[in-house]
Amino acid sequence: MTSADLIALASRALIQNYRQQPIVLGRGRGVEVWDLEDRRYLDMTAGIAVSALGHGHPALVAAITEQAQTLLHASNLYFLERQILAADAITRRCFADRVFFCNSGAEANEAALKLARRYQAVVAGAPQRTRIITTKKSFHGRSMATLSVTGQDIYRDGFGPLIEPVTEIDFGDLDAAERALGTRDACAFIVEPIQAEGGIIVPPAGYLAGLRDLCTRTGTLLIFDEVQTGIGRTGAWFAHQHEEVTPDVMTRAKALGGGVPIGAIAATDDAARGLARIEGKAVPHASTFGGNPLACAAAVAVIETIDNEALLENAKEAGRYLNRRLEELVAKHPAIAVATRGRGLLQGLVLSQPAAAVAGSCREHGLLVSVAGGVVIRFVPALTVKRAHIDEAITILDSVLAASS
Ligand code: PLP
C-alpha cells in the first residue's frame, strides 16, 4: 500500500484522536528515517525523546533479539532475571534503592502518586494527607490521576471529575511552594526538573533544592518526573543530578527502553515502603507487563550502551553546540525566533508565533522536529547525534524561518 492509501485507511480505522503529520514512516537508521516512498528525513524528535540510541542501534537490536528467543514474558508471579538486572542498573546510577517497573510515563507517575498516598496512610500514619501539589504548565500523563496533576487545562477538557485534592502553583516559585506545603495536608509534590511539554522551561537555580528542603520539613514526598529528562537526555543520567538534589521518588519511561515500551519508578528505601506488600493483605500495586523480560533487556542494553559509547558526554557537548547554533538563528531572525532554552539534548527555540506551521515546513524540507508549549520548536534527537546532523538541521530551519518571517 502507498502512504496515501494507508492515510485514507487510517481515517477509517483509527480513532481520530491524534493530529499526525501526513507521512507514513517505514524504517529508520541512526538519526534518519524514511517514509514508504523512500523519502529521507533527519529525525530530531527521536520518537519524542524515546529513541536515545537512534534507530536500529545494533546493541539494542541484539539484546531484544536474544531476549525474544530466550523468554519474552513470564509475569511477576516469579522472579525475572532481566528485571532484577535492570533495577540494579538503575539504582547504581542514581539516589534510589528500589525500582518498580511499569509500561509508560503515565503509569510511572500513577504508581508514584499511589505510593505517596499509601505512604502517608500506611507508613506515616497520616491518612488525611491526600493532597497533591503540582505546577502550572506541567505534563505528567493522560491517565485520570496524572491528568489531574497536569497543570494545563487544554488536556483536561471533558474528562472531569478528576482526582482531588490537587493544588497547582507556579513553576519556579518557592514562596508559593512554601504556602502550599505549609498546610501539611499534602502527600506529595510532583514536579519535572525541566518542564518539557510545557515549553522546555528550566527552573531558577536553587529551585529543586528549595523544594527538597520544604518537602523534608513538612513530611511531603518529593516526586521528580524524569520521564522526558531522564536517561541521559540533559547530559546527566537524570536532570536533577545537575543540582545535587535527590527526590524521594523519581519516575522515568520514554528513553529507558530505547523504543521498547517501559516505565519505572525509583525510590528510596523509606519511600518504597509506600508500595511494599503487607502479609495477609492484597498486593498493593502491580502490572501484568511491568518488568517484562523483553523491555528490561532493552533497558539494560540502553543503559550499558550510554556508558560504553560515552553518550552522556555527547549529550552535553552536542547539546551545547545545538544551543549555540540555535542562538545564531535568534540573532539572524529576531522577528520570529526570540529565545533558546534547554539543557543538553533537550533544546527549544522559542518563536514569536505558534510553532506548528514552522515544524510542518521543516518536515516538507526533510527535517522532523516537534512542538512544545505551543510556540517552541523542540529538539530531542538521539543521544548519538553528531555535529554534522545538527548543522543539516540548522540549515533547513534557517531557510524555513527566512521564508516564514
Ligand atoms: N511525564 C512527562 C514529563 C512527559 O513528558 C510525558 C510524556 O510526554 C509523560 C509523563 C507521559 O508519558 P507517557 O506518554 O509514556 O504516558
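Q: Where is Met144 found?
A: Met144 sits in helix α6, which covers residues 144-148. Helices here are DSSP runs of H or I with at least four residues (strands are E, at least two), numbered from the N terminus. This is a predicted model, where local features need pLDDT of at least 70 and side-chain atom pairs count only at pLDDT 80 or more, while totals for chains, interfaces and linings use all residues. Residues are numbered from 1 along each chain as its sequence is written, and side-chain values use heavy atoms, leaving out hydrogens and water.

Q: Thanks! What relative accessible area does Met144 have?
A: Met144 has 42%, so it counts as partly exposed. The classes are buried under 20% relative accessible area, exposed over 50%, and partly exposed in between, with a 1.4 Å probe and protein chains only.

Q: Which residues make the nonpolar surface patch?
A: Met144, Phe159 and Ile163 make a patch of about 270 Å². Patch members have over 30% relative accessible area and no salt bridge; like charges are joined within 9 Å, and nonpolar side chains (Val, Leu, Ile, Met, Phe, Trp, Tyr) within 5 Å. The areas come from the Shrake-Rupley method with a 1.4 Å probe, and for residues only the protein chains shown count as cover.

Q: On to charges. How many salt bridges does the count come to?
A: The count is 22 salt bridges. The rule asks for a side-chain nitrogen of Lys or Arg within 4 Å of a carboxyl oxygen of Asp or Glu.

Q: Which parts of the chain does the Arg387 and Glu317 pair link?
A: Their side chains meet at 2.6 Å, N to O. The pair links distant parts of the chain, with Arg387 in helix α13 (residues 387-404) and Glu317 in helix α11 (residues 311-332), 70 residues apart. Arg387 is partly exposed at 38%, and Glu317 is partly exposed at 31%.

Q: And what separates Arg325 and Glu328 in helix α11?
A: They are 3 residues apart in helix α11, so about one helical turn lies between them. Arg325 is buried at 18%, whereas Glu328 is partly exposed at 39%.

Q: What about Arg82, which residue does it form a salt bridge with?
A: Arg82 pairs with Glu81, and their closest N and O atoms are 3.9 Å apart. Arg82 is partly exposed at 25%, while Glu81 is exposed at 56%.

Q: Which residues are linked in a network of salt bridges?
A: Glu32, Arg40 and Glu392 form such a network.

Q: Switching to packing: at what angle do helix α3 and helix α10 pack?
A: Helix α3 (residues 58-70) and helix α10 (residues 293-308) pack at about 155°, with axes 9 Å apart. That makes α3 roughly antiparallel to α10. Axes are lines fitted to C-alpha atoms, for helices over the stretch in contact, and angles run from 0 to 180 degrees between N-to-C directions. Angles under 35 degrees count as roughly parallel, over 145 as roughly antiparallel, 65 to 115 as roughly perpendicular, and the rest as oblique.

Q: Are α7 and α8 roughly parallel or antiparallel?
A: Helix α7 (residues 174-182) and helix α8 (residues 207-218) pack at about 15°, their axes 10 Å apart. So α7 is roughly parallel to α8.

Q: Last one: where is the place of Thr65?
A: Thr65 is in helix α3, and at 38% it is partly exposed. Thr65 and Val50 are 15 residues apart in sequence and 19 Å apart in space, C-alpha to C-alpha.
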